[in-house]
Amino acid sequence: MGQIMSAAKIEELVVISGKGGTGKTSLTASFAVLAGNAVIADCDVDAADLHLLLAPRVLAQHEFRSGHEAVIRMEECVACGVCQDYCRFDAVRIIGEVAGRPEFSVDPVSCEGCGVCVRFCPAKAIDFPERVCGEWMVSETRCGTMVHARLGLAAENSGKLVSTVRREALRIAEKNGNGLIIIDGPPGIGCPVISSVSGSSLVLVVTEPTVSGEHDLERVLALTKHFSIGTAVSVNKWDINPAMTERIERKAREAGARVVGRVRYDSAVTTAQLRELAVVETDAPSAEDMRQVWNDLGLTGNIRITDGVESLSS
Amino acid sequence: MKIAFSTSGENLDAPLDGRFGRASKFILYDLEKEYFEVIDNQQNLNAAQGAGIQAAEAVVRAGANGIVTGHCGPNAYRALCAAGVAIYNCEAPTVAAALTAFRAGVLLPMESADVEGHWV
Amino acid sequence: MILAVASGKGGTGKTTVSVNLAQVFGARVQLLDCDVEEPNSHLFLKGTLRESEIAAIRVPEVDESLCNACGLCSKFCQYHAIALLGATPLVFQELCHGCGGCEKICPRGAISEKERRIGVVETVEADNVTLIQGRLDVGVAMAPPLIRAVKSRLLGGVSAILDAPPGTSCPVIATIRGSDLVVLVTEPTPFGLHDLKLAVDMVKELGITFGVVVNRVGIGDDRVHRFCGERKIPVLLEIPDDRRIAEAYSRGELVIDALPEYRSRFSTLLWNIKELRGKKSGANHVRS
């Protein structure tokens with residue numbers, strides 16, 4: 001055999017939903033169990049719930065820093081108010097009075113770290129430290145390594161934290177030879193979602209047969225189309241409204257997405273959650289449906305050899 | 001003429017990185033002097049946004065006349081075009097192979113960005 | 001009274017609570033859909049679109065005849081939205097937060113600002129409800145400025161219900177800041193409790209009075225009720241797990257219309273909210 005000049009391509013499945021509460025995390029946990037040996041990434045960093053089902057044992061914890069925040073040094077402030085006039089984000093407030101002068105303070109929740117007040121403060125009385133926005137962790141679970149994170153209160157830039165979690169998951173997959181990464185994506189269509197789907201192999205949109213589900217699906221499909229990513233759609237709780245399910249599936253096909261299995265309305269999903277188990281680890285009726293969705297996705301997690309250098313493609 | 005190659009290593013045998021903005025390093029090869037230097041891009045690897053733009057600034061500052069990489073997003077493309085730097089798309093496995101391809105004249109300058117932004 | 005409806009995670013019934021509450025309000029009320037990535041309230045209110053306005057942020061524009069390529073703007077920008085590569089700086093609008101720093105820092109006055117569209121703000125009239133909703137353009141990652149644009153349409157003197165985006169990040173804070181009271185909607189499940197705790201930390205940090213609505217009571221266990229009991233958090237309403245509610249929702253119907261027996265529950269919720277607000281403000285009468 002000649003020299004192998006090709007590289008293994010790691011597949012990344014991202015599960016998103018547009019609207020929240022459609023069962024995305026329950027499905028992701030089941031996929032993690034069915035895959036057996038995938039790296040799991042919880043990119044729903046605003047409301048990370050996957051750990052409630054997969055009981056991770058934390059191996060390493062890291063501070064997540066992003067951007068800067070303005071902090072006024074009170075003792076040097078001359079109370080001129082330039083910072084307040086210049087701030088476009090209403091982050092500078094008067095919080096009291098000291099010796100007859102207003103006391104200015106930057107509200108860290110509103111500060112977007114632009115640095116305008118820092119640069120233009122005539123007294124040079126504003127510091128600009130790095131901002132700690134949360135933390136991310138590498139853990140061991142019963143179905144493989146998991147990378148997850150916790151975003152601090154009102155912290156911005158969860159898109160960057162999502163990128164960090166994804167990058168770390170990819171690094172681990174490369175190191176350990178995993179062929180598949182399963183990502184629990186964030187809700188919505190904003191920055192964190194863009195960060196979680198860009199450059200991935202396949203996006204699964206979990207939706208529900210409601211007017212909201214239909215409406216949000218259109219926006220999500222517009223997004224995945226915008227980024228040219230292969231997309232599959234699964235309707236959860238399909239039997240709540242079979243006609244709507246048909247309609248959503250038709251729309252999904254028209255938008256160029258692949259329709260995979262449906263999942264029935266099943267109260268045993270909550271029972272599994274109470275027992276801290278993935279649905280497919282229980283005898284819930286919908287476990288069978290979730291297996292079907294998994295099979296339809298056709299992700300084996302087997303390492304695929306591709307020509308040329310396509311490694312690190314994400 | 002100096003050409004920058006996106007890579008993760010520090011010599012010509014290193015793999016060519018398919019990403020531009022998020023590549024960890026660039027090898028800047030001087031075709032006249034047959035000599036190269038390594039430009040670190042680690043800072044951009046961790047950038048929240050705008051990695052392609054910052055990477056473009058870094059290679060332009062270093063004096064590159066052309067870039068050989070796998071893919072290039074819209075922001076980096078715009079930035080490099082403004083600086084008059086040509087971008088060559090290449091799928092060769094290593095920097096050395098990409099350099100050979102470049103010298104042979106088989107690489108064509110890209111005429112538009114070939115991936116969307118946020119392509120981490 | 002400005003009332004915000006929020007939840008730590010999506011899909012707990014925030015929109016259900018907001019739209020049904022608006023409908024039983026009796027008096028004229030403004031409903032602001034601040035979930036600008038996925039505005040859904042309009043699906044449940046049949047009204048007529050009165051107004052649609054473009055929302056924009058200010059982004060820089062460089063006058064090449066004045067620029068001497070000093071690069072100060074590019075060095076200053078924290079978001080890498082302006083870069084000096086050729087003879088004049090390039091602006092990358094989608095990265096710009098609109099802070100105005102580059103314009104101020106330019107020594108030659110070569111930078112001015114122009115508007116960049118981020119979405120629309122729509123006003124819909126439906127009986128006693130004025131719905132004001134923001135709709136972020138696809139691919140735009142700037143929710144807070146659009147939320148601020150939606151909130152700037154608030155009329156004083158008329159009560160308002162703010163439907164917040166899910167979670168506890170910036171867009172949620174941008175929505176609930178300045179409101180008189182927050183209703184947190186949750187479910188009696190492990191996910192529900194976990195996300196409720198995050199939401200409680202958030203409203204406490206902001207110092208806003210709050211209460212909880214427990215939706216789909218019966219699906220999980222009593223952990224959310226126990227948590228609220230221990231923390232002395234008022235439970236303002238319980239909505240039972242009733243498949244008919246899910247079905248009505250799926251068709252875009254209001255619960256109080258499809259299932260009239262629930263109307264009194266939402267009226268009770270309104271009463272509980274007013275009482276909680278009265279208690280906290282120490283007033284005998286509830287304002288508006």
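Reply: Gladly! Let's start with A:Ser110, which sits in the loop between β7 (101-106) and α4 (116-120) of chain A; helices (H or I, at least four residues) and strands (E, at least two) are DSSP runs, numbered from the N terminus. This is a predicted model, where local features need pLDDT of at least 70 and side-chain atom pairs count only at pLDDT 80 or more, while totals for chains, interfaces and linings use all residues. Residues are numbered from 1 along each chain as its sequence is written, chains are lettered from A and ligands numbered from 1 in the order in which they are written, and side-chain values use heavy atoms, leaving out hydrogens and water.

Me: Why is A:Ser110 called buried?

Reply: Buried means under 20% relative accessible area, exposed over 50%, and partly exposed in between (1.4 Å probe, protein chains only). A:Ser110 has 13% relative accessibility, so it counts as buried.

Me: What makes the pairing of the A:Ser110 and C:Arg177 side chains a polar contact?

Reply: A polar contact is a pair of N or O atoms within 3.5 Å; within protein, one must be able to donate a hydrogen and the other to accept it, and residues adjacent in sequence count only if both atoms are side-chain atoms. The A:Ser110 and C:Arg177 side chains are joined by such a contact at 3.5 Å. The side chain of A:Ser110 also makes one with the side chain of A:Arg93, at 3.3 Å.

Me: Which residues does A:Ser110 touch, leaving out those up to four places away in sequence?

Reply: Contact means heavy atoms within 4.5 Å. On that basis A:Ser110 touches A:Phe89, A:Asp90, A:Ala91, A:Arg93 and C:Arg177.

Me: Over to chain C. Why does C:Ile273 count as buried?

Reply: The relative accessible area of C:Ile273 is 0%, so the label is buried. C:Ile273 belongs to helix α10 (residues 263-281) of chain C. Beyond its neighbours within four places in sequence, its contacts are C:Met1, C:Leu3, C:Leu21, C:Leu181, C:Val183 and C:Leu236. C:Val183 is 90 residues away in sequence, with 8.4 Å between the C-alpha atoms.

Me: What makes domain 1 and domain 2 of chain C separate entries?

Reply: The bounds come from an automatic or database domain assignment. That divides chain C into domain 1 (2-27 + 159-281) and domain 2 (56-117). Their centres, taken over C-alpha atoms, are 43 Å apart.

Me: And how much of chain C counts as buried?

Reply: Of its 288 residues, 59% do.
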